[in-house]
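The points are grouped by topic.

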Amino acid sequence: MSNDKDPLADFQQEVARNIDGLRQDEHLRQLSSQWLEASLPHRYSYNFSWMGRPIIQYPQDMIAMQQILWQVRPDLIVETGIAHGGSLIFYASLCELMGHGEVLGIDIDIRAHNRAAIEAHPMFRRIGLLQGSSVDPMVVAQVHERARGKNVLVVLDSNHTHEHVLAELDAYTPLVGAGSYCVVFDTVIEDLPAGRYPERPWDVGNNPKTAVAQFLATHPEFEVDTALEAQIAITVATGGYLRRRSGPA
């Protein structure tokens, strides 16, 4: 019997120790929160693109999404909220690299210039677009039909009010199988000073994180992936990486 060690296994154990240390480092967590808040006036998330399209996400969260997609290898990624389409392109390009999967983007208003750019993109062959409210029963029914029999991963990033996100969670988490994820972006709104978004209907007490808290209280089949959150340290999805447990709660 060989006594050779597996260098990758050793490295992965080291990474696990690193992440555990990050999870316990309250000082770093506070610094990360302070840095993120300080970055907001500079519209930091607006400054990045993926394959030519604005992505409007923090790079750390996109690295986390890449890890999730490689781990889950979903047949279908359902994303609510399209904007310029950068995240759709990002997920589609990862599917292309894996040689597996497609993306369905849902938005209540897909602007003509964004639709044209997305449809002209080389990655569009792995993308479907659906215009309408993500909580409209007709839209939800269409998504469920497209998801039938597929391994699904869900990303919620549209209207950030408590009521809307909770309705999205109720509508789309039944599509998520064991081991897959429903990722809820912009839960960080709850952790920011009140009144930061005066032109928006969401604020402290009424946002994705409050919706997630209510959802998790009655859905023990989902858990927050705290290790992933600690791993990336900076995220707008605090408490929002929801993984469906592989077994009964």
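By class, the lining of the second largest pocket comprises 9 nonpolar, 5 polar and 6 charged residues. The model is predicted. In the largest pocket, the lining has 18 nonpolar, 17 polar and 10 charged residues.

**Second largest pocket**

- The space in the second largest pocket amounts to about 420 Å³.
- Its lining is made up of 20 residues, and R29, S33, E229, A233 and T238 lie nearest the centre.
- At least two lining residues come from each of α1 (7-24), α2 (26-39) and α9 (226-232).
- The largest share of this lining, 6 residues, is supplied by α2.

**Largest pocket**

- The largest pocket holds about 1,400 Å³ of space.
- There are 45 lining residues, of which Y46, I56, H160, R200 and W202 are the closest to the centre of the largest pocket.
- Elements that each give at least two residues to the lining of the largest pocket are β3 (76-80), α4 (86-98), β4 (102-107) and α5 (112-119).

**Helix α4**

- Helix α4 contributes to the lining of the largest pocket, yet 11 of its 13 residues are buried, so α4 is largely enclosed by the rest of the structure.
- The buried residues of α4 are G86, S87, L88, I89, F90, Y91, A92, S93, L94, C95 and M98.
- The end C-alpha atoms of α4 are 18 Å apart, which agrees with the span of 18 Å that its 13 residues should have at 1.5 Å a residue.
- After α4 comes G99, which has a positive phi, near 70 degrees.

**Cysteines**

- The count of disulfides is 0, where a disulfide would require two cysteine sulfur atoms within 2.5 Å.
- For the sulfur of C95, the closest cysteine sulfur is that of C182, and because they are 17 Å apart, the separation is too far for a bond.
- C95, one of the buried residues of α4, has a relative accessible area of 0%.
- C182 is also buried, with a relative accessible area of 0%.

Note on methods: Residues numbered from 1 in each chain as written. Predicted model: local features only at pLDDT ≥ 70, side-chain atom pairs only at ≥ 80, totals over all residues. Heavy atoms only, no water. 1 Å grid on protein atoms, 1.4 Å probe; cavity = no way out; pocket = protein on both sides within 12 Å on 5 of 7 lines; lining within 4 Å. Points joined across faces, edges and corners; volume = space filled by probe spheres on them. Helix = DSSP H or I, 4+ residues; strand = E, 2+ residues; numbered from the N terminus. Nonpolar A, V, L, I, M, F, W, Y, C, P; charged D, E, K, R; others polar. Buried < 20%, exposed > 50% of the residue type's maximum accessible area, 1.4 Å probe, protein only. Expected span 1.5 Å × (residues − 1).
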